[in-house]
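Here are my notes on this one, as numbered points. Have the model open while you read.

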Amino acid sequence: MTLVQGSHASDKRVDVFPSNYTAPAPFANMMADPYYPLYLDSNSFNPLLDLGGARHGMESWARAVGLRPQDLFGTCLVIFLCLTLGVTLISLLLWAFHGIFEYTSAETRRLPNRNSLGSSPQASLGGKEAYEPRSYGWDSEGPQLPTQASLAAARNASAPSRLRKTWLRFRLKGEAGAFHAAALYGNLIRLILVFHLPVTAFSVYQLSLSSASIVSRVFAALALVFISFAIPAGILFKIKRTPSGKLYDATRTLLALGPMYNVYIEEKQMFRVFPLLASLIEGVVVGGGQKSGITQAIIFVLVELAMLILPAIWYPWGEGASMGAPSAFVGIIRVACAVLVMLLSRPVCSLASTVGSH
């Protein structure tokens, strides 16, 4: 609750466990009598949840977790950005430690010894110059055979230093640097997939709040455009244009883009569009449909039914992966939960009680 409220957060704290709670009249005697199951000791902490007249939906949920409704989006975005920063820093530290270890290691990029017999005609006693004493012998006036020291000096003069070799290897376009950059990119994609639904829901809800500030609405619009739509769409477009062989055979491509498609078989990696689209629809419905719970529930049922049927039509997993039964089982549970949410909504309960009374 202190992430987005500043130094005066204590003045804005939402107290859902008030000490001056007044029990409803029908239950007051039973809550004060220790012989009743509803008894509460007035001298101990009061565990009753008091939402203080908050409206149903996101406002009640915000009060239950101790936040103001206008602080939900900011808190979610700050947590997302903190995790993004943490993943980036850890990846950069591993990148740097790997480079330092390779630089300081005794085995780092040692050039092979080329002074062995027969390795080079000019640099070995096995070359034909060794058998021409008139021009290359030890007692002649001609050129002498190269020594080990002279060869080492020539190599050191032409070869880059160890520091430069390490830098060339671990820079962004180097062999090891590109590997670490691809791993960092893939981990950030995983974070976007995890936060796609909550960021979408909270950003849409923030845009619908009249009590939200203009700055928070601007950030909500940016998060909705980039995190919920533009970045996933750009990654999927890149996957679409990349050959399937490279997607599954190139290590760096698999590290960078793999979280989007690595559970799917070749030529069906674009199935990721459907889960992301379902997440986007549900997030928009949760954030913008606060006035009608039954509408939210109906759309949830339709989306979950679609996600149950689509894998059966377009089977995205490889043969032998045994993903059909678990996916169907989870899909049935999600549909059942959505149906129960619809049945327990206020309009359906009111209609059921009216029918029952008649």
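Is E102 buried or exposed? E102 counts as buried, at 12% relative accessibility (buried is under 20% relative accessible area, exposed over 50%, partly exposed in between, with a 1.4 Å probe and protein chains only).

1. Ground rules. This is a predicted model, so local features need pLDDT of at least 70 and side-chain atom pairs count only at pLDDT 80 or more, while totals for chains, interfaces and linings use all residues. Residues are numbered from 1 along each chain as its sequence is written, and side-chain values use heavy atoms, with hydrogens and water left out.

2. Overall make-up. The protein has 14 helices and zero strands (DSSP runs numbered from the N terminus: H or I of at least four residues for helices, E of at least two for strands). Of its 358 residues, 30% count as buried. Among contacts with a separation of 6 or more, 60% join residues 24 or more positions apart (contact means heavy atoms within 4.5 Å).

3. The E102 pairing. E102 meets R169 in a salt bridge, at 2.6 Å from N to O (the cut-off is a side-chain nitrogen of Lys or Arg within 4 Å of a carboxyl oxygen of Asp or Glu). Because R169 sits in helix α6 (residues 162-170) and E102 in helix α3 (residues 72-104), the pair ties together parts that are 67 residues apart in sequence. R169 counts as buried too, with 18% relative accessibility. E175 joins in as well: E102, R169 and E175 are linked in a network of salt bridges.

4. The other charge pairs. A search of the whole structure turns up five salt bridges. One of them is between R68 and D71, whose closest N and O atoms are 2.7 Å apart; D71 is buried, at a relative accessible area of 5%. Another joins E304 to R334, with 2.9 Å between the closest N and O atoms. Here E304 lies in helix α12 (residues 293-313) and R334 in helix α13 (residues 324-343), so the pair ties together parts that are 30 residues apart in sequence. E304 counts as buried at 6% relative accessibility, whereas R334 is partly exposed at 43%.

5. The α7 and α11 packing. How do these two helices sit against each other? The axes of α7 (residues 175-208) and α11 (residues 273-288) come within 7 Å and cross at roughly 30° (axes are lines fitted to C-alpha atoms over the stretch in contact, with angles from 0 to 180 degrees between N-to-C directions). That makes α7 roughly parallel to α11 (under 35 degrees; over 145 is roughly antiparallel, 65 to 115 roughly perpendicular and the rest oblique). α7 passes α11 in a right-handed crossing, where the near helix is turned clockwise from the far one by less than a right angle. The contact includes L193, H196 and L197 of α7 and L276, S279 and L280 of α11. By class, the contact has nine nonpolar, seven polar and one charged residues (nonpolar: Ala, Val, Leu, Ile, Met, Phe, Trp, Tyr, Cys and Pro; charged: Asp, Glu, Lys and Arg; polar: the others, Gly among them).

6. A backbone spot to look at. Most residues other than glycine have a negative phi. E267 has a positive value, near 70°, and is a residue other than glycine. E267 is in the loop between α10 (251-261) and α11, and at 61% relative accessibility E267 counts as exposed.
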